[in-house]
Structure formats: C-alpha cells, structure tokens
Amino acid sequence: PASLGVIGGGQLGRMFIQAAQRMGFRAGVLATSDDEPAVQVADWAVIAPSDRLSALRLFAEQAEAITVEFENVSASALRWLSRTRPVRPGWKTVWVSQNRLREKSFLTRHKIPHAPWRPVRDEAELAVAIRAVGLPLILKTASSGYDGKGQVRVERAEDAGAAWSSLGQVACVAEGWVDFESEISVIVARGADGAALAFPVGFNRHRSHILDSTVMPAPVGPIVTLEAQTLALSIAQALETVGVLTVEFFVTSAGGLLVNELAPRPHNSGHLTIEAATTSQFEQQVRTLAGLPLGASDLIRPAAMVNLLGDLWADGEPDWPAALRSDPGVKLHLYGKKGASPGRKMGHLTVLDPDAETALFRAQAARRILTDSRTDGIR
Ligand code: ATP
Ligand code: MG
Ligand code: MG
C-alpha cells in the first residue's frame with residue numbers, strides 16, 4: 001500500500017503517522033476535530049465522528065490499509081472495512097479489548113492469570129460480586145474508561161450501591177483489589193504470517209491512576225521478564241492479532257503475574273522505544289499494517305520516559321530551554337494539543353542511559369526544572 005490510515009486523532013495516531021511518513025507512506029487520519037494532534041502532521045484527514053458510516057466510507061477510499069489508535073471504534077465497522085483492505089489489529093482484537101466484560105471472559109476462558117472479577121449489570125449481580133471478589137474491590141465501567149476514568153474503589157459493602165450509581169449504573173466489572181508490588185507492560189507486534197516479537201518489559205509507575213513514568217527494561221529479573229513476554233505473545237496468538245497489542249500486568253508480592261488489561265495498539269509505556277529501540281512500537285505498527293517484516297525490537301540502550309501532564313502549564317508555558325540546557329540527553333516530545341487541562345497528556349520526555357534507573361532520575365530532574373526555573377524567575 002502507498003497510503004495508510006489511522007482511526008483516531010490523538011498522540012498515538014500522531015506518532016504512528018510520523019513513523020509511516022519516515023518510511024515513505026502517505027499517512028492519513030480519521031479524527032473528530034481539526035486541531036487534534038494527528039491531524040496536524042497527517043498528509044490527509046477526514047474530520048467526522050468515527051461511528052458515522054459515511055465518514056468511514058470516505059476515509060476508506062483514501063486508506064489502503066487501516067489501523068486504530070484507540071479501542072473505542074465500532075468493531076462491526078472494522079469488520080466491514082476489512083472486507084476490502086487490511087485492518088490491523090482486526091475487529092476481533094479490538095472487540096475483545098474495548099469491553100472489560102469480554103476482556104475478562106477471554107482471560108478466564110484461556111486460563112490467563114488475572115484478578116478475581118464478576119460482571120455487574122444489576123443490583124443482584126453487585127451483591128454477588130462483593131461476596132465473590134471480596135473487599136476492597138474496584139468497580140470499572142465495561143467500556144470507554146481510560147487513565148482511571150470510570151473507576152471507583154469500594155471499601156465497604158454498604159458503599160457499593162452508591163459507587164455503582166456514581167458510574168451511572170452502566171455495565172461494569174467488579175475486580176478484586178490487587179495489592180501489587182509493581183506494574184509492568186509488554187508490547188507485542190505480530191505479522192500476518194504469525195511471526196511475533198515482544199519488546200522488552202516496561203516498568204510503570206502511576207500517579208492518580210495516570211501513567212507517570214516508564215523504565216525499560218523493567219528491573220524485575222529474568223523469570224518475570226520471560227513470563228510476561230510469553231504471556232503477552234500467547235494472548236496475541238489466541239486473539240489472532242495482526243498488528244500491535246499491549247498487555248498490562250500487576251506483579252504481586254510473591255512475584256506472580258496478573259494481567260490487568262489489554263490495549264489493541266501501541267501504548268504510553270512504549271513511547272521511549274522511539275529513541276531507545278532498534279524499531280519503535282509505531283514503526284512495528286506501520287510494518288504490520290503494510291505487510292512488511294517486523295523490525296528487531298531490542299533496546300539500543302536502557303531508557304526512561306516521564307509524561308508531561310497539563311498540570312505543568314498551570315502557571316503558563318513550561319521553561320523548555322531550561323530543561324533541555326540542564327541535560328543535553330533529554331528528548332522532548334510535544335503533541336501539539338491546544339488546551340492544557342490537569343491530567344491531560346501533553347507530551348513526554350525520554351532519556352537513554354546505560355543504567356535504567358539513572359535514566360529515570362535524569363528525566364524526572366529535567367521535568368522538575370520545567371516549572372522550578374520558571375517560578376525562580378518570577379520570585
Ligand atoms: P489506562 O489509561 O491504562 O487505559 P484504565 O483507565 O483503562 O487505564 P486500568 O489500567 O484498569 O484503567 O487501571 C488504572 C490503574 O489503576 C492501574 O494501572 C492500577 O494502578 C490501578 N488499578 C486498576 N485496577 C486495580 C486493581 N484491581 N487493584 C489495584 N489497583 C488497580
Ligand atoms: Mg485502559
Ligand atoms: Mg491501564
């Protein structure tokens with residue numbers, strides 16, 4: 001194909017487009033508004049809701065092969081599109097990973113380790129779930145949650161009803177609370193021929209349920225590393241995924257792994273592969289979409305990434321020159337988003353270092369300077 005298309009206009013779509021363009025493809029996007037990050041860099045764009053059939057038709061006329069950058073795309077629309085052109089990942093992978101009820105059922109059916117869970121679709125199921133998974137538990141809406149949105153922790157049985165109401169009494173899963181040691185993720189790329197490669201494991205720290213930093217490779221030892229990669233590859237195989245798939249895990253204090261959730265796409269924890277890996281997660285997405293062989297997924301050097309959230313803009317534009325001056329190894333990525341609201345992912349910093357934790361230390365130091373140097377100037 002000469003022209004590749006991505007459904008969704010966010011930063012993941014933007015970085016996919018940039019990877020595609022570097023390899024000589026014309027890359028376009030189906031987005032909901034003109035000022036979304038991916039639209040700014042795309043060779044062509046269709047602006048319309050992704051669930052409108054006429055928009056999908058227009059988009060498909062220009063895209064010889066189609067991928068997604070978020071999971072909330074109509075699976076039946078993807079199925080329809082895949083009759084005439086490659087759609088990667090396919091509708092089945094997206095369909096399973098866009099709904100936690102289907103996702104958890106899939107994990108249970110395939111005996112893949114995960115936290116205890118029960119469906120909650122009415123009051124009776126809520127009562128059953130509390131008894132089955134125990135307390136505390138976490139209620140998550142079955143669809144359309146991200147960055148911890150659509151989730152509440154429930155401590156006491158008598159609070160469960162109010163918690164479910166606060167989520168709008170929509171279909172949910174109740175999940176047993178996991179007292180995890182750490183969180184890791186594995187990104188997998190799988191070609192149409194079944195050849196698959198896992199990236200090194202990412203070690204993820206969250207703040208207020210939003211990813212704050214990733215270190216790669218994860219300091220979890222060879223056994224957990226191999227187990228996580230093996231599980232992620234077997235999930236991609238079971239879903240017959242062609243494209244990129246991410247698996248998030250909890251590492252329990254006993255060193256066991258539980259799958260948290262799946263994402264049918266590149267992942268925030270893989271942004272550092274742009275500089276740190278032989279082939280980035282976005283280039284793998286391009287390669288699987290275009291039917292090219294996978295690139296090597298090994299790390300050139302250990303690395304760390306810290307997210308830049310809208311909170312950093314609270315007192316105005318962060319002091320980019322100061323941060324870049326403080327450490328010439330810091331790589332700045334900004335997504336071109338217009339409004340910097342708290343918790344919104346605006347960009348990230350990546351640092352490569354022979355020692356992964358030192359990379360994190362340096363990235364965090366640079367992020368601190370973004371706001372510290374500015375207030376110093378004002379004071
Ligand atoms: P993402 O932005 O990764 O898509 P999300 O909104 O889909 O996030 P989850 O990944 O399910 O939500 O949860 C977000 C974070 O909340 C997890 O990374 C973890 O830190 C915490 N969390 C979620 N489920 C549990 C659990 N069962 N026990 C303990 N902590 C949890
Ligand atoms: Mg999620
Ligand atoms: Mg998650």
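Is F59 buried or exposed? In this predicted model, in which local features need pLDDT of at least 70 and side-chain atom pairs count only at pLDDT 80 or more, while totals for chains, interfaces and linings use all residues, F59 is buried, because 24 other C-beta atoms lie within 10 Å. Residues are numbered from 1 along each chain as its sequence is written, and chains are lettered from A and ligands numbered from 1 in the order in which they are written. A residue is called buried if 20 or more other C-beta atoms lie within 10 Å of its own, exposed if 12 or fewer do, and partly exposed in between, with C-beta atoms placed from the backbone.

F59 belongs to helix α3, which spans residues 53-62; helices (H or I, at least four residues) and strands (E, at least two) are DSSP runs numbered from the N terminus. When residues up to four places away in sequence are left out, F59 touches G5, L30 and V46, a contact being counted if the C-beta atoms of two residues, placed from the backbone, lie within 7 Å. F59 and V29 are 30 residues apart in sequence, and their C-alpha atoms are 7.8 Å apart in space.

Four strands form an open, parallel sheet in the order β3-β2-β1-β4, where two strands are said to pair if DSSP finds at least two bridges between them. Its edge strands, each pairing on one side only, are β3 (44-47) and β4 (65-68). On average, and with direction ignored, neighbouring strands of this sheet are turned by 20° against each other; axes are lines fitted to C-alpha atoms, for helices over the stretch in contact, and angles run from 0 to 180 degrees between N-to-C directions. Strand β1 (residues 3-7) pairs with β4 in the parallel sense over four bridges, and the bridge partner of G5 in β4 is I66. Helix α3 packs on the sheet, touching β1, β2 (26-31), β3 and β4, and its direction makes about 170° with that of β3. Helix α11 (residues 281-290) also packs on the sheet, touching β1 and β4, with a direction that makes about 145° with that of β4.

Nine of the ten residues of α11 are buried, so this helix is largely enclosed by the rest of the structure. The buried residues of α11 include F282, V286 and L289, and the elements against which the buried residues pack are β1, α1 (11-22), β4, β9 (180-190), β13 (243-252) and α10 (273-276). Just after α11, G291 takes a positive phi of about 75°. Strand β13 runs antiparallel to β14 and is joined to it by six bridges, and the partner of V247 in β14 is L262. In the hairpin that these two strands make, with four residues between them, G255 has a positive phi near 90°.

The domain assignment of the protein gives domain 1 (3-87), domain 2 (116-176) and domain 3 (180-378), the bounds coming from an automatic or database domain assignment. The C-alpha centres of domain 2 and domain 3 lie 29 Å apart. Ligand 1 lies between these two domains, because both give residues to the shell around it. That shell holds 17 residues, the closest being Y146, D147, E175, V178 and H206, where a residue is near a molecule if its C-beta atom, placed from the backbone, lies within 6 Å of it. The elements that give two or more residues to the shell are β6 (137-141) and β14 (257-263).

Several loops hold backbone features of note. The peptide bond from R88 to P89 is cis, with omega near 0°, and P89 lies in the loop between α4 (75-81) and α5 (91-97). The peptide bond from L135 to P136 is likewise cis, with omega near -5°, and P136 lies in the loop between α7 (123-133) and β6. Q169, a residue other than glycine, has a positive phi near 50° and counts as partly exposed because 14 C-beta neighbours lie inside 10 Å. S208, also not a glycine, has a positive phi of about 50°, and with 11 C-beta neighbours inside 10 Å it counts as exposed.
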